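Take a look at the chain below. Then read on for a short tour of its parts.

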Amino acid sequence: MKILITYILYLLSFVFKLKTWQREGAVKHRNARQDVIRELVRRESVRTQRDLVNMLKNRGFNCTQATVSRDTAEMDLQKLPEGAYVLSEDMYLQKMLSESVVSIRSAENLIIIHCHPATASAVAFALDEVQLEHVMGTVAGDDTILLVVDRTENASEVARILVQLGNAN
C-alpha cells in the first residue's frame, strides 16, 4: 500500500511538473510572439489583424486571428486615424513627431531631426522614453536633434520607422 501511495504521489508530481512546463512554454511563446508583433507594428504598416496573422505566419508563428486579437488587447495596440496599428507606448512619440518634426535625415550612424523652434527637447525626451531598438541616445538643441544609432546599417531603418510614425519627410 505504501508503494502504491508513493507511486501515485510520484505520478501526480510528474503531471504537475508537466503542466507547469506547458504553461511556461505557452508564456514564452506568447512573449516571443508579442515581441515580433511589437517589431512588425514598428517596422511595417499593419492595418488589420488578418495582416498581422499573415506576417506572423511568415515569421514562423502559427496563430489565429483570435490569438492576435487577444495579443493586441494585452499590448494595448491603438489604431491611428490613417488605419495603421501603433503601440500605445509609441502614441506620445507619434504625436510629438507628427506635430513637431519638420524633417528626418540620416548620415552614417547618425540621424538629424529638424523640429519647429523650441520643440526638439520634448521630441528627444519622447524618443528616449520609447527606447527604440538600435538607438543609443539623443542630444537636443532648440530645433535640432542628433540621434545616435548603434551601427550605420541600422540608421536608415530607424529613420524609416520615425518617418512612418510621424509622417515626416
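Where is the place of Glu 108? Glu 108 sits in the loop that runs between β3 (101-107) and β4. Keep in mind that this is a predicted model.

## The chain as a whole

The chain has 6 helices and 6 strands. Read from the N terminus on, its elements follow the order α-α-α-β-β-α-β-β-α-β-β-α. There are 169 residues, and 35% of them are buried.

Now consider the contacts. Take those between residues at least 6 apart in sequence: 54% of them join residues at least 24 apart. The surface comes next. The chain exposes about 10100 Å². Carbon and sulfur atoms supply 56% of that area.

Start with helix α2, which spans residues 49-58. Its buried residues are Gln 49, Leu 52, Val 53 and Leu 56. Why do they share one side of α2? Their arc around the axis is only 105°, which puts them on the same side of the helix. After α2 comes Gly 60, with a positive phi near 95°.

Helix α3 covers residues 65-74. Here the buried residues are Thr 67, Val 68, Asp 71 and Thr 72. They cover an arc of only 135° around the axis, so they lie on the same side of α3. What does the face turned away from the buried side carry? That face of α3 holds the exposed residues Arg 70 and Ala 73. Asp 76 follows α3, and its phi is positive too, near 55°.

## Two residues with a positive phi

Most residues other than glycine have a negative phi. Asp 76 is not a glycine, yet its phi is positive, near 55°. Asp 76 belongs to the loop between α3 and β1 (78-79). Is Asp 76 buried or partly exposed? Asp 76 is partly exposed, because its relative accessible area is 39%.

Glu 108 is a residue other than glycine as well, and its phi is near 55°, a positive value. Its loop lies between β3 and β4. Glu 108 counts as exposed because its relative accessible area is 61%, and the cut-off for exposed is over 50%.

Thr 119 lies in the loop between β4 (110-115) and α5. Is Thr 119 buried or exposed? Thr 119 is buried, because its relative accessible area is 19%; the cut-off for buried is under 20%. Leave out residues up to four places away in sequence, and Thr 119 touches Ser 100 and Asp 142.

Next is the loop between α5 (120-130) and β5, where Glu 133 has its place. Which residues does Glu 133 contact, leaving aside its neighbours within four places in sequence? They are Arg 43 and Val 158. With Arg 43, the link is a polar contact between the two side chains, at 3.5 Å. Val 158 is 25 residues from Glu 133 along the chain, and their C-alpha atoms are 8.0 Å apart.

Thr 138 is part of strand β5 (residues 135-140). Its side chain makes a polar contact with the side chain of Asp 128, at 2.9 Å. Setting aside neighbours within four places in sequence, Thr 138 is in contact with Ala 124, Leu 127, Asp 128, Ile 145, Leu 146 and Leu 147.

## Helix α6

Val 163 lies in helix α6, which spans residues 152-166. Val 163 counts as partly exposed because its relative accessibility is 27%. How far apart are the C-alpha atoms of Val 163 and Ile 104? The separation is 7.0 Å, although the two residues are 59 residues apart along the chain.

## Rings

How many aromatic pairs does a search of the whole structure find? The search finds 0. The charged end of Lys 79 sits over the ring of Tyr 85. The distance from that charged end to the centre of the ring is 5.1 Å.

Definitions and conventions. Residues are numbered from 1 along each chain as its sequence is written. This is a predicted model: local features need pLDDT of at least 70, side-chain atom pairs count only at pLDDT 80 or more; totals for chains, interfaces and linings use all residues. Side-chain values use heavy atoms; hydrogens and water are left out. Buried means under 20% relative accessible area, exposed over 50%, partly exposed in between (1.4 Å probe, protein chains only). Helices (H or I, at least four residues) and strands (E, at least two) are DSSP runs, numbered from the N terminus. The arc is that of the directions from the helix axis to the C-beta atoms. Rings of Phe, Tyr and Trp (its six-membered ring) pair if their centres lie within 6.5 Å; planes under 30 degrees apart count as stacked, over 60 as edge-to-face and the rest as tilted. A charge sits over a ring if NZ of Lys or CZ of Arg is within 6 Å of the ring centre and within 35 degrees of the ring normal. A polar contact is a pair of N or O atoms within 3.5 Å; within protein, one must be able to donate a hydrogen and the other to accept it, and residues adjacent in sequence count only if both atoms are side-chain atoms. Contact means heavy atoms within 4.5 Å. Accessible areas come from the Shrake-Rupley method with a 1.4 Å probe; for residues, only the protein chains shown count as cover.
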